[in-house]
Amino acid sequence: MKKILMMAVALVMAVTVNAQSEKGAMSVGGNINFGLDHGYNNIGLAPKFSYNFIDHLRGEASFDYFFKKDDISQWGFNLNLHYVFDIKEKHGLYPLAGFAYLHQHVSIPTPYGKATANTGHAGFNLGAGYEFRVSSHFKISAEGKLQCLWNDGESGSRGVISIGAAYIF
C-alpha cells in the first residue's frame with residue numbers, strides 16, 4: 001500500500017501545468033488514420049479541432065474520411081473528451097472518451113450494373129493518446145481508440161490508430 005501511495009504522489013508531482021492544457025487553448029490540425037476491423041484494414045485522413053474547456057480538459061471534433069478499398073468507402077465523425085496529463089515540459093498523455101458515427105458505402109459491380117448499400121453506425125470511442133509539443137504553436141500526436149458501434153441491433157467494434165499534427169493558438 002505504501003508503494004502505491006508513493007507512486008501516486010510521484011505521478012501527481014510529475015504533472016505540471018502547461019500553456020497548451022490551460023482553459024481557452026485551441027488547436028487545429030489533422031491525422032492520418034489506420035482503421036482496423038477484423039481483417040478489413042483501411043487508411044484515411046481526418047481534420048480536427050480542439051478546445052480546452054477548463055485546465056487539462058479539452059473537447060475534440062474530427063471528421064474521418066477513409067479511402068475506398070474493396071468496394072467499400074467510409075466516413076465518420078467523432079466528438080471526444082481528452083483529459084491531458086502534462087508529463088515533463090513538452091509531453092502529454094491523455095485518456096479519451098466520446099461519441100462516434102461511421103457511415104459505410106458499398107458499391108459492388110454485378111452483371112446487371114452496380115449494387116449499392118449505405119449503412120450508418122453510431123456508438124462511442126474509448127482510447128488514449130500521446131502528444132509532443134514541438135514548439136509553443138505546434139504539436140505532434142499518436143492516438144489509439146476502440147470504436148464500439150451499433151446499427152439495427154447489431155454491434156461491432158473497430159480499432160483506429162492515428163498519427164497527427166496540429167497548430168496551437
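## Basis

Residues are numbered from 1 along each chain as its sequence is written. In this predicted model, local features need pLDDT of at least 70 and side-chain atom pairs need 80 or more, while totals for linings use all residues, and side-chain values use heavy atoms, without hydrogens and water.

## Aromatic pairs

The model has nine aromatic pairs (Phe, Tyr or Trp ring centres within 6.5 Å, with the six-membered ring used for Trp; planes under 30 degrees apart are stacked, over 60 edge-to-face, the rest tilted). Tyr83 and Phe85 make an edge-to-face pair. Their centres are 5.1 Å apart, with 65° between the planes. Tyr83 is partly exposed at 34% relative accessibility (buried is under 20%, exposed over 50%, partly exposed in between, with a 1.4 Å probe and protein chains only). Phe85 is partly exposed too, at 34%.

## Charges over rings

The charged end of Arg58 sits over the ring of Tyr94, 5.0 Å from its centre (Lys NZ or Arg CZ within 6 Å of the ring centre and within 35 degrees of the ring normal). Arg158 lies over the face of Phe66, 4.7 Å from the ring centre.

## The largest pocket

The largest pocket holds about 180 Å³ of space (the space filled by probe spheres set on grid points joined across faces, edges and corners). A pocket is an open set of points on a 1 Å grid over the protein atoms alone, where a 1.4 Å probe fits, with protein on both sides within 12 Å along at least five of seven lines; lining residues have an atom within 4 Å of a point. Of its 13 lining residues, Asp37, His121, Leu149, Gly156 and Ser157 are the closest to the centre.
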